[in-house]
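I opened the model to look up its fold, its surface and its pockets. My notes follow.

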Amino acid sequence: MSTTFIKNVILFCFLKITALQACSTFCLKSQNELIYGRNFDWMVGEGLVIVNKRGIEKTAFINENPAHWTSKYGSVTFNLYGREFPMDGIN
């Protein structure tokens, strides 16, 4: 056996093997419509679907000089880590 092969086998044994995580997307186009979708492969198994109303006042989670705003539009968000932490959504 070659020395290079043995070195590669030893190196492979010491590497941390982890599962790959990927999201898939698609886009369907017709003359007047565009439909976009994707799956959400993530380590957290459960989440919240939240309906956010328009006209709600918000403040950013920053200690120094946080941004303030009032939502102009309503939205639906998918939140993995809590109500105010959206990961994805539509408006």
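I took helices (H or I, at least four residues) and strands (E, at least two) as DSSP runs, numbered from the N terminus. On that basis I found 1 helix and 7 strands in the protein. I read their order from the N terminus as α-β-β-β-β-β-β-β.

The model is predicted: local features need pLDDT of at least 70, side-chain atom pairs count only at pLDDT 80 or more, and totals for chains, interfaces and linings use all residues. Residues are numbered from 1 along each chain as its sequence is written, and side-chain values use heavy atoms, without hydrogens and water.

I checked burial next (buried is under 20% relative accessible area, exposed over 50%, partly exposed in between; 1.4 Å probe, protein chains only). Of the 91 residues in the protein, 9% are buried. Phe26 sits in strand 1 (residues 25–29). Why is Phe26 called partly exposed? Because its relative accessible area is 42%.

I looked up contacts (heavy atoms within 4.5 Å). Among those with a separation of 6 or more, 33% join residues 24 or more positions apart.

I turned to the largest pocket. A pocket is an open set of points on a 1 Å grid over the protein atoms alone, where a 1.4 Å probe fits, with protein on both sides within 12 Å along at least five of seven lines; lining residues have an atom within 4 Å of a point. The lining of the largest pocket counts 15 residues, and Asn52, Lys58, Trp69, Glu84 and Pro86 lie nearest its centre. Strand 4 (57–59) and strand 6 (75–79) are the elements that give two or more residues to this lining. Strand 6 gives the largest share, 3 residues.
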